[in-house]
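Please look over the sequence and the model shown here before reading on. The briefing that follows is grouped by topic.

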2 protein chains.
Amino acid sequence: MTTTRRQPAARRGARAVRTGRRAGDSGTREAILQAAREQFAERGYDGATIRAIAAAAGVDPALVHHFYGTKERLFAAAMQLPFVPSEAIAVALADRPAGQPPGAHLVRTALALWDSPGVREAFVGILRSALTSDQAAAMLREFVSQAILAPVASLAIGTDPEQTPFRTSLVGSHMLGLALTRYVLQLPAVATADADALAGAIGPTIDRYLTGDIEDGDVGR
Amino acid sequence: MTTTRRQPAARRGARAVRTGRRAGDSGTREAILQAAREQFAERGYDGATIRAIAAAAGVDPALVHHFYGTKERLFAAAMQLPFVPSEAIAVALADRPAGQPPGAHLVRTALALWDSPGVREAFVGILRSALTSDQAAAMLREFVSQAILAPVASLAIGTDPEQTPFRTSLVGSHMLGLALTRYVLQLPAVATADADALAGAIGPTIDRYLTGDIEDGDVGR
């Protein structure tokens with residue numbers, strides 16, 4: 001594999017694009033993923049570019065695009081996420097039952113995704129990094145903002161656009177807390193609850209955060 | 001300090017109780033806290049006992065009680081938590097405005113506690129441990145259940161007692177997610193929001209989780 005990585009970038013890129021997935025590919029892919037992990041860690045999610053990742057891996061940017069498509073897909077592959085968040089959210093939004101608020105369906109979708117193999121490990125790994133360095137926390141913050149909160153923002157229909165970041169961050173905050181208590185802390189009542197119970201309880205909260213009244217600051221002072 | 005720790009336990013304990021806090025105390029206290037950290041990590045929060053911690057530190061259990069009072073206070077000291085959760089919650093409940101649901105007040109109290117010096121570091125340290133080993137996760141789960149969820153359960157007034165663990169775990173889940181996104185991930189809209197805005201948005205959710213309708217499982221399927 002080391003020999004493969006030392007070939008001129010352009011030539012190797014061209015070959016891999018032409019020949020598709022075969023022996024040399026897995027080494028090239030691993031070199032790209034390793035370069036991606038390093039670049040994301042050093043420059044954050046926003047700051048890392050496919051061009052810089054390709055350069056660090058010694059391959060042509062076109063090859064990275066060929067293998068991974070978008071920066072988000074590359075990030076998901078580098079972090080061993082078994083799905084691409086913004087794509088999963090897009091599918092969930094397209095699938096949701098007509099005429100109903102989206103909260104319960106979003107909770108069910110998230111639970112189904114989180115329960116797929118490898119997700120818990122990826123979540124724990126990313127979160128542990130974020131707890132270990134400010135840089136990793138920034139990377140996760142930028143990724144969550146772009147890949148998760150931005151698509152969710154389309155659901156804050158009919159509300160003041162200035163409130164949107166707060167609304168989507170409340171949703172993100174609650175869902176991250178749910179993942180943390182269900183899969184890491186494993187509080188029994190949340191860890192063993194079925195998807196219907198959690199969707200029934202948390203769905204209406206998500207709906208209120210997205211489109212309901214969230215200004216009630218005089219209460220309970 | 002090593003010499004001090006090797007004195008017979010009973011004699012050292014008796015001396016420390018008689019003489020109050022002076023030169024030898026800090027070494028004894030550190031030995032107790034170190035033993036506590038080890039015992040909590042090995043046996044969990046429920047399994048660790050003051051007696052076993054005292055034995056591991058080579059001191060009399062009465063001395064541990066004298067210095068720290070309760071297991072929860074000892075845990076808080078060992079984990080460098082600057083407050084004792086169940087006591088802080090008891091104060092918050094006693095202070096809350098009459099005739100109003102408790103959610104917003106609880107959110108404000110939590111934010112004030114979390115903003116005190118040292119809390120973020122302690123939270124990050126404990127959470128990082130929980131993400132690193134199942135044993136540490138179990139310890140945190142037991143501590144959260146006993147020191148935080150149990151006192152909060154007194155607020156689930158007039159509801160089916162069988163639902164109480166689910167209700168309080170939903171509250172814990174949301175509040176942990178808030179701490180994670182405000183202090184670790186630092187999602188801008190949540191990290192910079194003032195206490196009133198967060199209490200206004202999240203308070204009513206906490207109230208619904210404690211006493212409202214949380215069974216709505218047919219929605220959004």
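D160(B) counts as partly exposed at 40% relative accessibility, where buried means under 20% relative accessible area, exposed means over 50% and partly exposed lies in between, with a 1.4 Å probe and protein chains only. This is a predicted model in which local features need pLDDT of at least 70, side-chain atom pairs count only at pLDDT 80 or more, and totals for chains, interfaces and linings use all residues. Residues are numbered from 1 along each chain as its sequence is written, chains are lettered from A and ligands numbered from 1 in the order in which they are written, and side-chain values use heavy atoms, with hydrogens and water left out.

**Loop residues**

- D160(B) is placed in the loop between helix 10 (134–153) and helix 11 (164–184) of chain B, where helices (H or I, at least four residues) and strands (E, at least two) are DSSP runs numbered from the N terminus.
- The C-alpha atom of D160(B) is separated by 9.5 Å from that of T211(B), although the two residues are 51 residues apart along the chain.
- Most residues other than glycine have a negative phi.
- Q186(A), a residue other than glycine, has a positive phi near 55 degrees; Q186(A) belongs to the loop between helix 11 (164–184) and helix 12 (188–191) of chain A and, at 35% relative accessibility, counts as partly exposed.
- Q80(B) is not a glycine either, yet its phi is positive at about 60 degrees; Q80(B) is found in the loop between helix 6 and helix 7 (85–95) of chain B, just after helix 6, and counts as exposed at 61% relative accessibility.

**Chain A as a whole**

- Chain A contains 13 helices and zero strands, and 52% of its 221 residues count as buried.
- Of the contacts in chain A between residues at least 6 apart in sequence, 67% join residues at least 24 apart, a contact being heavy atoms within 4.5 Å.

**The nonpolar core**

- The largest nonpolar core has 147 residues, and those with the most contacts inside it are I32(A), L74(A) and I32(B); such a core is a set of buried Ala, Val, Leu, Ile, Met, Phe, Trp, Tyr and Cys residues joined through side-chain atoms within 4.5 Å.
- When residues up to four places away in sequence are not counted, I32(A) touches I53(A), A57(A), V59(A), L63(A), V64(A), F67(A), Y68(A) and L74(A).
- In helix 6 of chain B, the buried residues include L74(B), F75(B) and A76(B).

**Aromatic rings and charges**

- There are 14 aromatic pairs over all chains; rings of Phe, Tyr and Trp (its six-membered ring) pair if their centres lie within 6.5 Å, and planes under 30 degrees apart count as stacked, over 60 as edge-to-face and the rest as tilted.
- The ring centres of Y45(A) and F75(A) are 5.1 Å apart and their planes stand at 80 degrees, so this pair is edge-to-face.
- Because Y45(A) lies in helix 3 (residues 23–47) and F75(A) in helix 6 (residues 71–78) of chain A, the pair ties together parts that are 30 residues apart in sequence.
- Y45(A) is buried with a relative accessible area of 3%, and F75(A) is buried with 0%.
- In chain B, F40(B) and F75(B) form an edge-to-face pair, 4.9 Å centre to centre with 85 degrees between the planes.
- Ring pairs also link F40(A), Y45(A), F75(A) and F143(A) into a cluster.
- R29(A) lies over the face of F67(A), at 4.0 Å from the ring centre, and its charged end also sits over the ring of Y68(A), 5.8 Å from the centre; the rule asks for NZ of Lys or CZ of Arg within 6 Å of the ring centre and within 35 degrees of the ring normal.

**How the two chains relate**

- Chain B is superposed on chain A by a rotation of 180 degrees with 0.0 Å of shift along its axis (RMSD 0.0 Å), the copies being fitted by least squares on the C-alpha atoms of residues with pLDDT of at least 70 in both.
- That is the relation of a two-fold axis, and in chain B the C-alpha nearest the axis is that of G177(B), 1.7 Å from it.
- Both copies use the same surface, since 100% of the contact residues of chain B recur in chain A.
- T205(B), in helix 13 (residues 195–211) of chain B, counts as buried at 2% relative accessibility and touches T205(A), R208(A), Y209(A) and H174(B), not counting residues up to four places away in sequence.
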